[in-house]
Amino acid sequence: MKLFKSLFVLFALILWGCSSNNTPEGVAADFAKAVHQCDFKKALKYCSKNSKGTMEKQMAMFEEMQKAYPIEITRPEVSVVSCEIAEDNMSASVSVSVKNSSIIQKRDNEAIEITINLVKEDGKWMAEFDGR
């Protein structure tokens with residue numbers, strides 16, 4: 001019985017640790033990290049309904065470019081700079097800093113700052129992606 005309780009607690013902790021962070025900051029950071037390491041299938045999971053088509057086009061374009069001009073996939077470092085949530089709590093704008101991006105190369109590995117707009121869909125924060 002003690003073993004069962006220990007396994008249950010361990011399993012619960014693993015699930016809790018793997019669960020998505022449904023905050024504007026968490027979703028924006030996860031989305032940015034996925035995009036900047038060229039994991040567009042993962043990034044698609046964070047896209048709003050209106051953005052999924054655009055992300056799918058980006059995925060197809062990247063796959064074609066990767067065939068002709070392979071790029072080195074890096075592990076970007078992403079940190080949240082600021083977050084503004086609308087009064088109605090249905091949209092947000094999050095600025096993130098990205099260093100070591102696979103898709104945007106900066107001299108001396110400088111960080112870039114990007115803004116990600118999010119909307120709430122069915123109680124979950126989702127990234128609005130327009131392809132820029």
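Student: Which strands form a hairpin, and how many residues sit between them?
Tutor: In this predicted model, β3 and β4 form the hairpin, with two residues between them. Aspartate 122 lies in the turn and has a positive phi of about 55°.

Student: How many bridges join β3 to β4, and do they run parallel or antiparallel?
Tutor: Five bridges join them, and the strands run antiparallel. β4 covers residues 124–128. One of the pairings puts leucine 118 with alanine 127 in β4.

Student: What about β2 and β3, how many bridges there?
Tutor: Eight bridges join β2, residues 91–99, to β3, residues 112–121. These strands also run antiparallel. Serine 97 is opposite glutamate 113 in β3.

Student: Back to the turn. What does aspartate 122 form a salt bridge with?
Tutor: Its partner is lysine 49, and the closest N and O atoms are 3.5 Å apart. The pair links distant parts of the chain, 73 residues apart. Lysine 49 is in the loop between α3 (40–44) and α4 (52–68), while aspartate 122 is in the loop between β3 and β4.

Student: Are those two buried or exposed?
Tutor: Aspartate 122 and lysine 49 are both exposed.

Student: How many salt bridges does the count come to?
Tutor: Two. The other pair is lysine 67 with glutamate 64, where the closest N and O atoms are 3.2 Å apart.

Student: Where are lysine 67 and glutamate 64, and how are they separated?
Tutor: Both are in helix α4, and because they are three residues apart, about one helical turn separates them.

Student: Why does lysine 67 count as exposed?
Tutor: Because its relative accessibility is 62%, and exposed means over 50%.

Methods:
Residues are numbered from 1 along each chain as its sequence is written. This is a predicted model: local features need pLDDT of at least 70, side-chain atom pairs count only at pLDDT 80 or more; totals for chains, interfaces and linings use all residues. Side-chain values use heavy atoms; hydrogens and water are left out. Two strands pair if DSSP finds at least two bridges between them. Helices (H or I, at least four residues) and strands (E, at least two) are DSSP runs, numbered from the N terminus. A salt bridge is a side-chain nitrogen of Lys or Arg within 4 Å of a carboxyl oxygen of Asp or Glu. Buried means under 20% relative accessible area, exposed over 50%, partly exposed in between (1.4 Å probe, protein chains only).
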